[in-house]
Amino acid sequence: MGTERSAVTVIGLGQMGSALAATLLERGHPTTVWNRSARKAQPLVERGARRAATPEEAVAASPLVIVCVLDHDALHATLDPVAGSLAGKALVNLTSGSPEQAQEAEAWARSHSAGYLDGAIMTTPPGVGSPEMMFLYSGSHTVFETHRPTLAALGDPLHLGAEPGLASLYDAALLGLMWSTMTGWLHGTALVGAEKTEATAFTPVAIRWLSAVTGFLTTYAAQVDAGHYPGDDATVDVQIAAIDHLLHAAAARGIDNALPELLKATMERTRDLGHGSDSYASVIEVLKKGAG
Ligand code: FVH
């Protein structure tokens, strides 16, 4: 009584779409699946999914249609021919794309009388189903609130706002953060590795340092919002002097220095704008100016 799970359709059964469908099945949702290459549906059918013969049949099967395909071209290639059957459905698009593509998809869905929620999955397939993992959404509040219990089966659902491009914008920003963090970690790993320290020995120390760095972010976020960067912890001038030690240590060990050289150049541009005595948060003034 009262525990019946709502029906869901998953279109796109690549690595991520298959993980989404498998998780929904595990949580007891009647799940209909469709994929361009039909063979990818088989493992899910064996776990209880219903295989739709066509995208049209897949859309008709459930009030909530989740799409996770390669890109927006693939989304349109799949759904344009059956757009007429989307009326009254909630379309949740978990395909990666740009904010502009999300806005276009929302207008397209609206023109076919479908509710639209754009999404960004902040994990890899093994993380799907974990409440620790964030799924970012933007677009229709109604679709989000109506289907929140189903979306929560996939990961922690965060609605960022009604503007449909927001989830893609955050996705791009967070991936940039991930790549620069991972490359910084790998640079440090290569540096200590030159002195025979294994990555597995260095990494717990690096992780403790990252937790200190998150504290800096919290402090600097308030400075960025205020547009005021008091250099009362460490100044840009001090960071420029310190990064020379990294450049020297890495060069002496034959480690590629492209990343720290870029960071030093950005700090120097910040200093040249008059922020030498300000905190590192003032680097944002250079970033906001763009290349010109
Ligand atoms: N995998 C991950 O960790 C990331 C995590 C963050 C979000 N991404 C995005 O999810 C989308 C799908 O990624 P994926 O990892 O599932 O990718 P594949 O395993 O390569 O599967 C691609 C699916 O797209 C279908 N597809 C491709 N082109 C077309 C088309 N023209 N028409 C219809 N479907 C198409 C493909 O079908 P098939 O090749 O099996 O027939 C797969 O179902 C993606 O946006 C990531 O950025 C995943």
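In the predicted model, a right-handed β-α-β unit is formed by β7, helix α6 (residues 141–152) and β8; right-handed means that, with the strands pointing away from the viewer, the path from the first strand over the helix to the second runs clockwise. Helices (H or I, at least four residues) and strands (E, at least two) are DSSP runs numbered from the N terminus. Strand β7 (residues 134–139) pairs with β8 in the parallel sense over four bridges, pairing requiring at least two DSSP bridges between two strands. Tyrosine 137 has histidine 159 of β8 as its bridge partner. In strand β8 (residues 156–159), Pro157 and His159 make up the covered face, and Asp156 and Leu158 the uncovered one.

Residues are numbered from 1 along each chain as its sequence is written. Because the model is predicted, local features need pLDDT of at least 70 and side-chain atom pairs count only at pLDDT 80 or more, whereas totals for chains, interfaces and linings use all residues.

The number of buried residues in α8 is zero, so the helix lies largely in the open; a residue is buried if 20 or more other C-beta atoms lie within 10 Å of its own, exposed if 12 or fewer, and partly exposed in between, with C-beta atoms placed from the backbone. Glycine 227, with a positive phi near 65 degrees, follows α8.
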